[in-house]
Amino acid sequence: MLIRLKIKNLAVLKDIELDFDSGLTVISGESGAGKSMIIEAIRYLYGKRASIEDIRYETEGALIEGVFDFPQSDTIRELLAQNDIEEDELYIVRREVMQNRKSIIKINSRMITLGALKDIMDEVVSIHSQSSQSEALEHGKHILYLDRYIDVADRASFGKYQESFEEFRALEAKIKELEYKDKNRVQQLQMYKHQFEELEAMALVPDEEERLEEEISYLDNFEKISNTLSSIQAQLSSEYAPQNMLYDIHSHIDTLSNFDENYKQYGDTVLEAYHLLDELGSRVGSDLSALDYDEESLNVKQSRLSDINSLKRKYNKTLDELIEYRDALAEDIEQLGNIAQSFEALQNRRAQAQKRMEQYAKDLHTFRLEQKHFLENRIKKELNDLDMPGADFEISVREGAFAPRGYSDVEFLISTNAGEPLKSMNRIASGGEIARVMLALRTIFTESDAQSLLILDEIDTGVSGLVATRMAEKMQLLSKSRQVISISHLPQAAALADHHLYVSKKTADQRTASVAAYLGADDHVYEIARMLSGSDITEAALENAKTLIEAKNRDTN
């Protein structure tokens, strides 16, 4: 849930800090007062892309900061861990939007990307507005609602279908690629063979560059290496060789150790140094004996390295990539040379994948047909609660084209009045009816949502009377299991609210800014009366407001 929201220089919101609580919070105010910008601020914390249009005029940037109590879930824990954010009791989500279009995003002082913010806040906040109501009208989204309600993803055939579907698509792409290659087969085969022969002739091996560079460096510095080895050998074999001195010192220390045991540790170290120098002398002598400068070998290695670099430039690839390309060319040459056999093999594999895909898709389709009535009945009940008793609702499940979720073509059909035929959702004319259908869906699916905060942004526009009462009651019902913040024009919703936030505008120094404050009991009554009757507040409106509030208090008690 959202605990505190701080906003600076976001459009008309110059400097606002608000505390939020659980339950239902209704935000009201005059048109243009800045109510929607409070929700816009939450959208920024949700992952909205930064827009300099939202920054207050003549300021360097906007700041939005929210203190959240995240819901406990494995998904959130995994997302926090992926972004190196330590688990905590509260989380401070911060967005800074600058005039230069840069946006700084932090959670508990840890900078994260916009994508990461969106992933995390998807598990915390659900925002529902008039613009998002179009989801209910989108034919393609209906299968998602049905599948979620009947838990299709938990069905074994769902995962198996997706595997076979992806395999089928990959084979389809491979066959199309082969068909394209076949059209240019002769020319392409000739080019592939030329490139393969050139690369094969080089007999490239991994790590060859590093080895050649080391060997060339060694031969280039032959004289210096030889002189250095000779100098070391001369010092180790001289009359005053250091290892002989160490041996004598060790003998003296050995004598002293008989009288003072503290010297024994030095004796061991000196003896170890003696053996190390003796071993070094043997190694230097052996290397000097084997040392041999071969100018021809140097020229061969330099030429080989030059040829490798030429190939790298020609193909614009690294050595490892050249080796991979050579091997891929061999496969392509074989495939093009035996294109008929390749086609047949791929087509057989595609047919097998299609058979499996059809089997699993049929199981999913049958399951949807058998289970769809559960969602149909639930939506009818919710619509009835929202004063649409004559509404009929049906989920059409027909066979269609193969898609990521099967071949079921799912569409919601509705009749909003008794006696009218069922028709597509996108043919609903009334905004109030659309709002009620979407609120019904939201009520149903909120039960299984993990999010602890639900934002309702003016979803009740265009409704009144008993419908408004029913919608307000649904908002209140939703707030029983999660925090709900709603911009509402309904006096019924305001009356049922646990907290009533009023937004207004003030002008000072020829600049307008919004202010927001929670209403006390008297102002709460007055604002509901204004929502009932407009700017002309009558005694009747005030009495009606008190009646609405008293009804809520009676239900609560």
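Student: Which residue is the bridge partner of Glu399 in S10?

Tutor: In general, the strands of a sheet pair through backbone hydrogen bonds, in either a parallel or an antiparallel way. In this predicted model, the partner of Glu399 in S10 is Ser408, and Val397 is likewise bridged to a residue of S10, namely Val410.

Student: In which sense do S9 and S10 pair, and over how many bridges?

Tutor: Strand S9, which covers residues 392-403, pairs with S10 in the antiparallel sense, and the pairing runs over nine bridges. The link between S9 and S10 is a hairpin of two residues.

Student: What other strand pairs with S10?

Tutor: Strand S11, made of residues 423-424, also pairs with S10 in the antiparallel sense, here over two bridges, and Ile414 is the residue that stands opposite Lys423 of S11.

Student: Is strand S10 mostly covered or mostly uncovered?

Tutor: A residue is called buried when its relative accessible area is under 20%. By that reading S10, residues 406-415, is mostly covered, since nine of its ten residues are buried.

Student: Is Glu214 buried or exposed, and in which helix does Glu214 lie?

Tutor: Glu214 belongs to helix H8, and its relative accessible area of 60% is why Glu214 counts as exposed, given that the term applies to values over 50%.

Student: Which residues make the nonpolar surface patch?

Tutor: Tyr240, Met245 and Ile249 together make a nonpolar surface patch of about 350 Å².

Student: How should I read the accessible area of Ile249?

Tutor: A patch residue must have over 30% relative accessible area, whereas the term exposed is kept for values over 50%. Ile249 has a relative accessible area of 39%, and is therefore described as partly exposed.

Definitions and conventions:
Residues numbered from 1 in each chain as written. Predicted model: local features only at pLDDT ≥ 70, side-chain atom pairs only at ≥ 80, totals over all residues. Heavy atoms only, no water. Patch = residues over 30% accessible without salt bridge, like charges linked within 9 Å, V, L, I, M, F, W, Y side chains within 5 Å. Areas by Shrake-Rupley, 256 points an atom, 1.4 Å probe, with all protein chains shown as cover. Salt bridge = Lys/Arg side-chain N within 4 Å of Asp/Glu carboxyl O. Buried < 20%, exposed > 50% of the residue type's maximum accessible area, 1.4 Å probe, protein only. Helix = DSSP H or I, 4+ residues; strand = E, 2+ residues; numbered from the N terminus. Pairing = 2+ DSSP bridges.
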